[in-house]
Amino acid sequence: MNFRKIVIVGIIGIGIISLGIFSKPIAATTDINQPELIEGKNGTNQPEQVKANIMTRNEWRLSVEKIVIDPKSDSLKGAAVYFSFINNNGLDKEFTTLNGKIIALVGISGKLYEMSWNNPIDENYNGSKSLREQYAKNNGTKFESGKFNYTVHLMVDGAEEGFTKVIYQNGNGNKVEIPIQGVMVEIAQPHNAK
Amino acid sequence: MMKVHKVLIGFLLITFSLFSQTLPVLAAYDGFLARVSVDGLAMRTGPGTGYSTVMTMSNAEAVAYPGEEPKDLEGYHWMKFKGWKSTTNSIVSGWAAQYNLNTGTQYIYSTVLAISKDYLTLYSADSPSNEQQYNTGLSNDIPPGVYLYTGNGNIHELYSDLYYFKISRYYNGSFHDVYGGSGYVHTNFRSSSPYNYYISLN
């Protein structure tokens, strides 16, 4: 009898643990008109200031520039969100405190889309310097070390029409929600791709 | 008591099956991407000029370097490569002189930059049976003129018989992190002319 009790308690316990592991984080329900700063410190005494589409730190600011939605099927869409990092001290100034990464977007539906694959911003910025210089040279454009355009890609539900917020995680692992409002949404046109 | 054991075993099996995930598709790795820089370079059956010619390669032709130990013989640094032989429509392997040991002249370079020449679909796997289109944002596809790279010192990798090229990021004025961390694009290395490739190599 006691053994049965132990088994039953064990089964219930494992069930609860499994549920905890399998359940994904639920999107925060912050009012986008009154964005909530989840964490305002990044460990360098540079509090993140947040308003619609923009997050500002002492040295730089992050802006949401554009959203591209690609209807791939009735049930699936591709999406890309374009960001720019601008050095507040000038476009010719290299970033010295760039860090963190874009870890998630919240759809208009309220669904949280996590992006574990994105690389840290500073790693992308530093690792691509020679490539960016070469690209600017080959395309006859001015190389600006104080500007870094960055795009993240994800797949979303077919009914998703856009995003309400982006979640940035700073170098210390603290998360900041940036509300997205009034950002242009483009619908991608099909190409005869190889 | 037996009943309880059966229930317990059943539950454990269900839990185990829930935890076990689908294994990723194993890529057929060809090797790092390299580029022939001269016309008429011979690929031979062995590391030396005495071996018979498998095929003759052209400038800008792409080959894969599978990683076999190089050999320094007859004044040349010999390496084993894989390439596409257009006359037989087949992939062949052989040895070619990568550079001249005396003069330092290079005949085959590691590629440092690959640029898309056409719209390219990004695939999740390197096998046609496992192809699943990934969106890349600007449209359904990676546009022409994009700098493709792996992010690992631009050491480019070829998969599945010189047909797929693995990328993790690309740049076209904006830096793109590829959906899922990496993907594959068709390269059309199976072509009669190296200039028909979907990407250009530098």
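Which residues do ring pairs link into a cluster? They are A:Trp60, A:Phe83, A:Phe85, A:Phe95, A:Tyr125, A:Phe148, A:Tyr150, A:Tyr168, B:Tyr149 and B:Phe175.

## Before we start

This is a predicted model, in which local features need pLDDT of at least 70, side-chain atom pairs count only at pLDDT 80 or more, and totals for chains, interfaces and linings use all residues. Residues are numbered from 1 along each chain as its sequence is written, chains are lettered from A and ligands numbered from 1 in the order in which they are written, and side-chain values use heavy atoms, with hydrogens and water left out.

## Aromatic pairs

Rings of Phe, Tyr and Trp (its six-membered ring) pair if their centres lie within 6.5 Å; planes under 30 degrees apart count as stacked, over 60 as edge-to-face and the rest as tilted. By this rule there are 23 aromatic pairs over all chains. One of them is edge-to-face: A:Phe95 and A:Tyr125, at 5.1 Å centre to centre with 90° between the planes. A:Phe95 lies in the loop between β4 (76–87) and β5 (101–107) of chain A and A:Tyr125 in helix α2 of chain A, so this pair ties together parts that are 30 residues apart in sequence. Helices (H or I, at least four residues) and strands (E, at least two) are DSSP runs, numbered from the N terminus.

A:Phe95 is buried, at 6% relative accessible area, and A:Tyr125 is buried too, at 3%. Here buried means under 20% relative accessible area, exposed over 50%, and partly exposed in between (1.4 Å probe, protein chains only).

Because its relative accessibility is 0%, A:Asn124 counts as buried. Leaving aside residues up to four places away in sequence, A:Asn124 touches A:Asn119, A:Phe148, A:Tyr150, B:Arg169, B:Phe175 and B:Asp177 (contact means heavy atoms within 4.5 Å).

## Strands and a loop in chain B

Now look at strand β2 (residues 41–44) of chain B, which is covered on both faces: B:Leu41 and B:Met43 on one side, and B:Ala42 and B:Arg44 on the other, are all buried. This strand pairs with β3 (residues 53–57) of chain B in the antiparallel sense, over four bridges; two strands pair if DSSP finds at least two bridges between them. In β3 of chain B, B:Met57 is the bridge partner of B:Leu41.

The loop between β3 and β4 (62–65) of chain B holds B:Ala60. B:Ala60 has a positive phi, near 75°, in a residue other than glycine, and B:Ala60 is buried at 14% relative accessible area.
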